[in-house]
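Hello,

Here is the structure I promised to pass on to you. Have a look at it first, and then read on for what I found in it.

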Amino acid sequence: MLRTRIAVSVAAAAAGLAVLTACSGAETAQPVVAPAAAGGTGGGQAANGQGQVGNAAPASNESKLVVADVADVGQVLTDQNGMTLYRFDKDTAKPPKSNCDGDCAKAWPPMLATGDVQVQGVDKNMVGKVTRSDGTEQITVGGWALYRYAKDTKPGDATGQGVSGAWYAANAKGGKAGQAAATGSEAGGVKLSASKIDGLGDAIVDQNGMTLYLFQKDTKKKASACNGDCAKTWPPVLSNGKVELQGIDSKLLGSIKRQDGSEQVTVGGWPVYTFSKDTKPGDANGQGVNGTWFVIEPAGCKLGSNPNTATSQQQAPAGSGAGTSDSSGSGGTTY
(Lines give C-alpha, C1' and ligand atoms only; values in the text may rest on other atoms or scores of the structure.)
Protein backbone atom coordinates (compact mmCIF):
# COMPACT_ATOMS: atom_id res chain seq x y z
CA MET A 1 0.00 0.00 0.00
CA LEU A 2 1.16 3.46 -0.77
CA ARG A 3 0.56 5.96 2.05
CA THR A 4 1.62 9.55 2.15
CA ARG A 5 3.40 10.74 5.24
CA ILE A 6 5.56 13.66 6.20
CA ALA A 7 9.22 12.81 6.32
CA VAL A 8 12.44 14.48 5.50
CA SER A 9 14.49 12.40 4.17
CA VAL A 10 27.77 6.81 -8.51
CA ALA A 11 29.80 6.00 -9.93
CA ALA A 12 32.21 7.81 -12.74
CA ALA A 13 34.79 6.36 -14.90
CA ALA A 14 37.64 4.36 -13.43
CA ALA A 15 41.10 4.89 -14.80
CA GLY A 16 43.73 2.34 -15.65
CA LEU A 17 44.21 -0.53 -18.06
CA ALA A 18 43.04 -3.97 -17.07
CA VAL A 19 45.79 -6.53 -16.62
CA LEU A 20 44.64 -10.09 -17.03
CA THR A 21 45.66 -12.72 -14.53
CA ALA A 22 46.19 -16.43 -14.99
CA CYS A 23 42.74 -17.69 -14.06
CA SER A 24 42.33 -21.33 -14.96
CA GLY A 25 39.03 -22.20 -16.64
CA ALA A 26 37.61 -18.72 -16.43
CA GLU A 27 36.81 -17.23 -19.67
CA THR A 28 1.10 -5.43 -6.03
CA ALA A 29 -2.20 -4.79 -5.43
CA GLN A 30 -2.81 -1.22 -6.57
CA PRO A 31 -2.11 1.16 -3.67
CA VAL A 32 -4.39 3.91 -2.52
CA VAL A 33 -2.82 7.34 -2.80
CA ALA A 34 -3.60 9.84 -0.08
CA PRO A 35 -5.51 12.79 -1.54
CA ALA A 36 -3.66 16.01 -2.21
CA ALA A 37 -4.46 19.24 -0.45
CA ALA A 38 -7.81 20.92 -1.13
CA GLY A 39 -8.04 22.30 -4.60
CA GLY A 40 -7.23 19.12 -6.53
CA THR A 41 -4.20 17.06 -7.27
CA GLY A 42 -2.26 19.83 -8.90
CA GLY A 43 -0.13 19.15 -11.89
CA GLY A 44 1.48 20.99 -14.71
CA GLN A 45 3.92 18.45 -16.10
CA ALA A 46 4.76 19.76 -19.55
CA ALA A 47 5.56 17.57 -22.51
CA ASN A 48 9.27 17.00 -23.06
CA GLY A 49 9.22 18.36 -26.56
CA GLN A 50 8.67 14.94 -28.08
CA GLY A 51 4.97 14.56 -27.33
CA GLN A 52 3.29 13.01 -24.32
CA VAL A 53 5.41 10.11 -23.09
CA GLY A 54 4.75 7.74 -20.23
CA ASN A 55 2.57 9.03 -17.39
CA ALA A 56 -0.19 11.48 -18.11
CA ALA A 57 0.49 15.12 -17.30
CA PRO A 58 -1.60 16.83 -14.62
CA ALA A 59 -4.15 19.42 -15.64
CA SER A 60 -3.24 22.52 -13.66
CA ASN A 61 -0.19 24.74 -13.79
CA GLU A 62 1.39 23.33 -10.66
CA SER A 63 3.79 20.51 -9.78
CA LYS A 64 3.95 18.78 -6.44
CA LEU A 65 6.56 16.68 -4.66
CA VAL A 66 5.27 14.25 -2.04
CA VAL A 67 7.12 11.79 0.20
CA ALA A 68 5.37 8.42 0.15
CA ASP A 69 6.01 4.79 1.09
CA VAL A 70 6.42 2.36 -1.80
CA ALA A 71 6.51 -1.38 -1.21
CA ASP A 72 9.95 -2.98 -1.38
CA VAL A 73 11.65 0.39 -1.75
CA GLY A 74 10.62 2.50 1.24
CA GLN A 75 10.18 6.25 1.34
CA VAL A 76 10.45 7.84 -2.08
CA LEU A 77 9.56 11.04 -3.84
CA THR A 78 6.37 10.93 -5.88
CA ASP A 79 4.62 13.50 -8.02
CA GLN A 80 1.12 14.93 -7.54
CA ASN A 81 -0.33 11.76 -9.10
CA GLY A 82 1.56 9.36 -6.83
CA MET A 83 4.01 8.30 -9.54
CA THR A 84 7.51 7.41 -8.34
CA LEU A 85 10.29 9.87 -9.20
CA TYR A 86 13.83 8.78 -10.08
CA ARG A 87 17.38 10.13 -10.31
CA PHE A 88 20.10 9.18 -12.79
CA ASP A 89 23.68 8.40 -11.74
CA LYS A 90 25.05 9.91 -14.96
CA ASP A 91 23.60 13.29 -14.02
CA THR A 92 25.45 15.63 -11.69
CA ALA A 93 24.18 17.53 -8.66
CA LYS A 94 27.08 19.97 -8.26
CA PRO A 95 26.41 21.69 -10.55
CA PRO A 96 22.95 20.33 -11.37
CA LYS A 97 22.89 18.86 -14.88
CA SER A 98 20.67 16.40 -16.75
CA ASN A 99 22.35 13.98 -19.14
CA CYS A 100 19.16 12.26 -20.26
CA ASP A 101 17.89 13.56 -23.61
CA GLY A 102 16.44 12.14 -26.82
CA ASP A 103 15.48 8.48 -26.55
CA CYS A 104 16.56 8.48 -22.92
CA ALA A 105 13.99 11.18 -22.13
CA LYS A 106 11.29 9.10 -23.86
CA ALA A 107 11.95 6.22 -21.48
CA TRP A 108 12.54 8.54 -18.52
CA PRO A 109 10.30 11.62 -18.94
CA PRO A 110 11.81 14.53 -16.98
CA MET A 111 9.65 16.17 -14.33
CA LEU A 112 9.42 19.64 -15.75
CA ALA A 113 8.77 22.75 -13.70
CA THR A 114 5.65 24.53 -14.89
CA GLY A 115 4.57 27.02 -12.27
CA ASP A 116 5.04 26.75 -8.54
CA VAL A 117 6.42 23.53 -7.06
CA GLN A 118 4.44 22.48 -4.01
CA VAL A 119 5.98 20.16 -1.44
CA GLN A 120 4.73 17.72 1.18
CA GLY A 121 7.34 16.12 3.41
CA VAL A 122 10.16 17.77 1.48
CA ASP A 123 12.36 20.66 2.61
CA LYS A 124 11.53 23.49 0.23
CA ASN A 125 15.15 24.62 0.39
CA MET A 126 16.20 21.33 -1.25
CA VAL A 127 14.07 22.01 -4.32
CA GLY A 128 15.49 23.72 -7.39
CA LYS A 129 15.45 23.72 -11.19
CA VAL A 130 17.92 22.97 -13.95
CA THR A 131 17.71 24.11 -17.57
CA ARG A 132 17.70 21.19 -19.99
CA SER A 133 19.33 21.11 -23.43
CA ASP A 134 15.97 21.94 -25.05
CA GLY A 135 15.52 25.01 -22.83
CA THR A 136 12.86 23.54 -20.55
CA GLU A 137 13.30 23.61 -16.78
CA GLN A 138 13.47 20.36 -14.84
CA ILE A 139 12.80 20.05 -11.11
CA THR A 140 15.71 19.06 -8.90
CA VAL A 141 15.96 17.95 -5.28
CA GLY A 142 19.35 18.17 -3.64
CA GLY A 143 20.66 19.17 -7.07
CA TRP A 144 19.55 15.89 -8.70
CA ALA A 145 17.17 16.14 -11.66
CA LEU A 146 13.94 14.15 -11.25
CA TYR A 147 12.30 11.81 -13.77
CA ARG A 148 9.35 9.50 -14.11
CA TYR A 149 9.66 6.06 -15.72
CA ALA A 150 7.53 5.30 -18.78
CA LYS A 151 7.05 1.67 -17.69
CA ASP A 152 5.48 2.64 -14.35
CA THR A 153 1.75 2.49 -15.03
CA LYS A 154 0.13 3.23 -11.68
CA PRO A 155 0.85 4.86 -8.31
CA GLY A 156 3.13 2.67 -6.22
CA ASP A 157 5.00 1.22 -9.19
CA ALA A 158 8.79 1.46 -8.94
CA THR A 159 9.85 -0.77 -11.82
CA GLY A 160 12.67 1.62 -12.66
CA GLN A 161 14.52 0.93 -9.43
CA GLY A 162 18.06 -0.19 -10.22
CA VAL A 163 17.66 -0.21 -14.02
CA SER A 164 21.08 -0.44 -15.66
CA GLY A 165 22.60 0.09 -12.24
CA ALA A 166 22.11 3.82 -12.78
CA TRP A 167 18.45 4.66 -12.14
CA TYR A 168 17.07 4.79 -8.60
CA ALA A 169 13.96 6.08 -6.89
CA ALA A 170 14.80 9.40 -5.23
CA ASN A 171 14.33 10.16 -1.56
CA ALA A 172 13.33 13.48 0.04
CA LYS A 173 16.92 14.78 -0.11
CA GLY A 174 17.55 13.74 -3.70
CA GLY A 175 19.50 10.67 -2.66
CA LYS A 176 18.87 7.07 -3.62
CA ALA A 177 15.90 5.45 -1.91
CA GLY A 178 15.75 1.91 -0.60
CA GLN A 179 18.78 -0.35 -0.28
CA ALA A 180 20.67 1.90 -2.69
CA ALA A 181 20.49 4.73 -0.16
CA ALA A 182 23.29 3.14 1.85
CA THR A 183 25.71 2.69 -1.01
CA GLY A 184 27.71 5.81 -0.25
CA SER A 185 28.37 6.29 -3.95
CA GLU A 186 26.91 9.79 -3.86
CA ALA A 187 29.86 10.91 -1.81
CA GLY A 188 31.86 10.06 -4.91
CA GLY A 189 33.00 6.81 -4.53
CA VAL A 190 33.44 3.25 -5.29
CA LYS A 191 35.69 1.17 -3.09
CA LEU A 192 36.72 -2.40 -3.85
CA SER A 193 38.28 -4.45 -1.09
CA ALA A 194 39.68 -7.93 -0.65
CA SER A 195 37.62 -9.86 1.86
CA LYS A 196 36.66 -13.39 2.87
CA ILE A 197 33.24 -14.98 2.53
CA ASP A 198 32.37 -17.62 5.09
CA GLY A 199 32.40 -21.05 3.52
CA LEU A 200 33.77 -19.77 0.22
CA GLY A 201 37.04 -17.91 0.71
CA ASP A 202 38.66 -14.87 -0.86
CA ALA A 203 36.37 -12.41 -2.61
CA ILE A 204 36.02 -8.79 -3.64
CA VAL A 205 33.41 -6.66 -1.89
CA ASP A 206 32.25 -3.10 -2.54
CA GLN A 207 32.20 -0.13 -0.16
CA ASN A 208 29.15 -1.58 1.59
CA GLY A 209 30.65 -5.03 2.05
CA MET A 210 28.45 -6.49 -0.69
CA THR A 211 29.94 -9.40 -2.64
CA LEU A 212 30.95 -8.81 -6.27
CA TYR A 213 30.55 -11.24 -9.16
CA LEU A 214 31.71 -11.91 -12.70
CA PHE A 215 29.57 -13.22 -15.55
CA GLN A 216 31.13 -15.86 -17.78
CA LYS A 217 29.06 -14.76 -20.78
CA ASP A 218 30.87 -11.41 -20.72
CA THR A 219 33.83 -10.71 -22.96
CA LYS A 220 36.90 -9.76 -20.94
CA LYS A 221 38.04 -6.18 -21.47
CA LYS A 222 35.44 -5.61 -24.17
CA ALA A 223 31.75 -5.76 -23.30
CA SER A 224 29.04 -6.71 -20.83
CA ALA A 225 26.46 -9.27 -21.90
CA CYS A 226 24.17 -8.28 -19.00
CA ASN A 227 21.86 -5.42 -19.91
CA GLY A 228 18.19 -4.52 -19.49
CA ASP A 229 16.38 -6.80 -17.06
CA CYS A 230 19.58 -8.73 -16.43
CA ALA A 231 21.17 -5.55 -15.08
CA LYS A 232 18.31 -5.15 -12.63
CA THR A 233 19.01 -8.61 -11.19
CA TRP A 234 22.78 -8.12 -11.41
CA PRO A 235 23.45 -4.36 -11.02
CA PRO A 236 26.78 -3.45 -12.64
CA VAL A 237 29.34 -1.62 -10.52
CA LEU A 238 29.61 1.77 -12.21
CA SER A 239 32.15 4.47 -11.60
CA ASN A 240 32.07 8.19 -12.21
CA GLY A 241 34.87 9.08 -9.88
CA LYS A 242 37.95 7.62 -8.32
CA VAL A 243 37.87 3.92 -7.53
CA GLU A 244 39.60 3.14 -4.25
CA LEU A 245 41.27 -0.24 -3.83
CA GLN A 246 42.20 -2.17 -0.72
CA GLY A 247 44.07 -5.44 -1.03
CA ILE A 248 43.70 -5.47 -4.84
CA ASP A 249 46.49 -4.78 -7.35
CA SER A 250 45.79 -1.47 -9.09
CA LYS A 251 47.07 -2.98 -12.34
CA LEU A 252 43.99 -5.19 -12.41
CA LEU A 253 41.60 -2.23 -12.42
CA GLY A 254 39.93 -1.07 -15.60
CA SER A 255 36.58 -0.16 -17.11
CA ILE A 256 34.35 -0.80 -20.11
CA LYS A 257 31.58 1.24 -21.67
CA ARG A 258 28.13 -0.29 -21.38
CA GLN A 259 25.33 -0.14 -23.97
CA ASP A 260 23.76 2.83 -22.17
CA GLY A 261 27.05 4.75 -22.23
CA SER A 262 27.86 4.29 -18.54
CA GLU A 263 31.28 3.05 -17.40
CA GLN A 264 31.48 -0.28 -15.60
CA VAL A 265 34.37 -1.24 -13.37
CA THR A 266 36.43 -4.26 -14.39
CA VAL A 267 38.89 -6.34 -12.35
CA GLY A 268 41.29 -8.52 -14.27
CA GLY A 269 39.31 -7.61 -17.38
CA TRP A 270 36.02 -8.92 -15.98
CA PRO A 271 33.12 -6.49 -15.54
CA VAL A 272 31.92 -6.73 -11.94
CA TYR A 273 28.39 -6.81 -10.52
CA THR A 274 26.46 -7.07 -7.30
CA PHE A 275 23.48 -9.42 -6.91
CA SER A 276 20.00 -8.08 -6.08
CA LYS A 277 19.25 -11.09 -3.86
CA ASP A 278 22.21 -10.39 -1.59
CA THR A 279 20.69 -8.34 1.21
CA LYS A 280 23.56 -7.89 3.63
CA PRO A 281 27.38 -7.95 3.75
CA GLY A 282 28.71 -11.49 3.59
CA ASP A 283 25.87 -12.82 1.45
CA ALA A 284 26.99 -14.69 -1.66
CA ASN A 285 23.68 -15.98 -2.97
CA GLY A 286 24.79 -15.43 -6.54
CA GLN A 287 27.64 -17.94 -6.43
CA GLY A 288 27.16 -20.51 -9.18
CA VAL A 289 23.77 -19.22 -10.36
CA ASN A 290 22.98 -20.84 -13.73
CA GLY A 291 26.58 -22.00 -13.89
CA THR A 292 27.59 -18.59 -15.24
CA TRP A 293 27.74 -16.24 -12.25
CA PHE A 294 30.63 -16.52 -9.79
CA VAL A 295 32.12 -14.57 -6.94
CA ILE A 296 35.23 -12.76 -8.18
CA GLU A 297 38.50 -13.12 -6.27
CA PRO A 298 40.95 -10.26 -5.54
CA ALA A 299 43.20 -11.69 -8.29
CA GLY A 300 40.46 -11.06 -10.87
CA CYS A 301 39.53 -14.73 -11.25
CA LYS A 302 36.29 -16.55 -10.61
CA LEU A 303 36.24 -18.04 -7.13
CA GLY A 304 38.45 -21.08 -6.83
CA SER A 305 40.12 -20.80 -10.25
CA ASN A 306 43.24 -18.96 -9.08
CA PRO A 307 45.94 -21.57 -8.32
CA ASN A 308 47.58 -19.14 -5.89
CA THR A 309 44.64 -19.14 -3.50
CA ALA A 310 44.07 -21.84 -0.94
CA THR A 311 40.33 -22.03 -1.37
CA SER A 312 39.14 -24.02 -4.32
CA GLN A 313 35.57 -24.53 -3.21
CA GLN A 314 33.17 -23.28 -5.87
CA GLN A 315 29.95 -24.63 -4.48
CA ALA A 316 27.27 -22.15 -3.60
CA PRO A 317 26.38 -21.70 0.07
CA ALA A 318 23.25 -23.33 1.36
CA GLY A 319 20.10 -21.53 0.31
CA SER A 320 21.92 -19.53 -2.32
CA GLY A 321 19.80 -20.74 -5.20
CA ALA A 322 22.92 -21.61 -7.16
CA GLY A 323 22.25 -23.41 -10.35
CA THR A 324 18.64 -22.22 -10.44
CA SER A 325 17.04 -19.95 -12.97
CA ASP A 326 16.70 -16.32 -12.03
CA SER A 327 13.95 -15.14 -14.27
CA SER A 328 13.45 -11.44 -14.78
CA GLY A 329 9.94 -12.00 -16.05
CA SER A 330 10.87 -11.12 -19.60
CA GLY A 331 9.98 -14.03 -21.79
CA GLY A 332 11.48 -16.55 -19.40
CA THR A 333 15.00 -15.30 -19.95
CA THR A 334 17.34 -16.44 -17.22
CA TYR A 335 20.42 -14.70 -15.88
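In this predicted model, β12, β11 and β14 make up an open sheet of 3 strands, in the order β12-β11-β14 and with mixed pairing. The edges are taken by β12 (201–205) and β14 (243–246); each has a single partner strand, so one side of each is left without a neighbour in the sheet. On average, neighbouring strands here are turned by 20° against each other, direction ignored.

If you want to look at one pairing, take β11, which spans residues 190–197. Its pairing with β12 is antiparallel and runs over 5 bridges. Within β11 and β12 you can find S193 standing opposite V205.

K90 is 171 residues away from G261 along the chain, yet their C-alpha atoms are separated by 9.1 Å.

A word on confidence before you explore further. The average pLDDT of the chain is 77, and 69% of the residues score at least 70. Residues 26–59 have a pLDDT below 50, though the model gives this stretch 72 contacts beyond near neighbours in sequence. For residues 310–333 the pLDDT also stays under 50, and the model has 51 contacts for them beyond four places in sequence.

Best wishes

Terms used
Residues are numbered from 1 along each chain as its sequence is written. This is a predicted model: local features need pLDDT of at least 70, side-chain atom pairs count only at pLDDT 80 or more; totals for chains, interfaces and linings use all residues. Side-chain values use heavy atoms; hydrogens and water are left out. pLDDT is the predictor's confidence in each residue, from 0 to 100. Contact means heavy atoms within 4.5 Å. Two strands pair if DSSP finds at least two bridges between them. Helices (H or I, at least four residues) and strands (E, at least two) are DSSP runs, numbered from the N terminus. Axes are lines fitted to C-alpha atoms, for helices over the stretch in contact, and angles run from 0 to 180 degrees between N-to-C directions.
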